[in-house]
Amino acid sequence: MSVSTTPTLKARNQIRTMFLVLLILDAVLIALTADLWAIGRILFTAVIMGFTLQGHQWAKWLLIGILSLVVVALIGLLVALGAELSIVVSVGSVVMAILSCVIIGYLVSSRELKQYFAQKRQQKT
């Protein structure tokens, strides 16, 4: 069993925090817009985040795809309905799109996070 190093644990904690903030922000936006259908999406995303934290490569790439679609959808929503949305929903949507982009970048580029995921996969074998 491999021992995690401080940088890899820090990377894991950072991605966990970003996931949690994203889910909370998403839940707040769902509550503000009363879009109950989005609850299924947020639950599905949370499950995929869990599999990602366990080191599953397929889940990481699926999550990147989901977050990419979320960014496109949020930008499209802002462009199409910008004037009709409340300022809180507009700002929340922008923050959520930016955070999704940050998470995508972190999942793709962080060497420490890649090392953490590799350790998780190695522990399973």
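## Around leucine 77

Leaving aside residues up to four places away in sequence, leucine 77 touches Gly82, Leu85 and Ser93. This is a predicted model, and in it leucine 77 sits in helix α3, which spans residues 57-81. Is leucine 77 buried, partly exposed or exposed? Its relative accessibility is 30%, so leucine 77 counts as partly exposed, given that buried means under 20% and exposed over 50%.

## Helix α3 against helix α4

Leucine 77 is also one of the α3 residues that meet α4. The axes of these two helices come within 9 Å and cross at roughly 155°. An angle over 145 degrees counts as roughly antiparallel, and α3 and α4 are therefore roughly antiparallel to each other. Their crossing is left-handed.

On the α3 side, the residues in contact include Trp61, Leu67, Val71, Leu74 and Leu78. On the α4 side, Ser90, Ser93, Ala97, Ile104 and Val108 are among them. By class, the contact of α3 with α4 has 17 nonpolar, 4 polar and 1 charged residues.

## Helix α1 against helix α4

Now turn to helix α1 (residues 6-33) and helix α4 (residues 87-109), whose axes come within 10 Å and cross at roughly 155°. That makes α1 roughly antiparallel to α4. The crossing of α1 and α4 is left-handed.

From α1, the contact draws on residues including Ala11, Ile15, Phe19, Leu22 and Leu29. From α4, Val88, Val95, Leu99, Ile103 and Tyr106 are among the partners. This contact of α1 with α4 divides into 18 nonpolar, 5 polar and 1 charged residues.

## The nonpolar core

In soluble globular proteins, nonpolar side chains tend to be buried together. Which residues touch the most other members of the largest nonpolar core? They are Ile15, Ile103, Leu107 and Leu113, out of 27 residues in that core. Helices α1, α2 (38-53), α3, α4 and α5 (111-124) each supply at least two residues of this core.

Setting aside residues up to four places away in sequence, isoleucine 103 touches Ile15, Met18, Phe19, Leu22 and Leu67. Isoleucine 103 takes part in the contact of α4 with α1 and also in the contact of α4 with α3.

Notes:
Residues are numbered from 1 along each chain as its sequence is written. This is a predicted model: local features need pLDDT of at least 70, side-chain atom pairs count only at pLDDT 80 or more; totals for chains, interfaces and linings use all residues. Side-chain values use heavy atoms; hydrogens and water are left out. Axes are lines fitted to C-alpha atoms, for helices over the stretch in contact, and angles run from 0 to 180 degrees between N-to-C directions. Helices (H or I, at least four residues) and strands (E, at least two) are DSSP runs, numbered from the N terminus. Angles under 35 degrees count as roughly parallel, over 145 as roughly antiparallel, 65 to 115 as roughly perpendicular and the rest as oblique. A crossing is left-handed if the near helix is turned anticlockwise from the far one by less than a right angle, and right-handed if clockwise. Contact means heavy atoms within 4.5 Å. Ala, Val, Leu, Ile, Met, Phe, Trp, Tyr, Cys and Pro count as nonpolar, Asp, Glu, Lys and Arg as charged, and the others, Gly among them, as polar. Buried means under 20% relative accessible area, exposed over 50%, partly exposed in between (1.4 Å probe, protein chains only). A nonpolar core is a set of buried Ala, Val, Leu, Ile, Met, Phe, Trp, Tyr and Cys residues joined through side-chain atoms within 4.5 Å.
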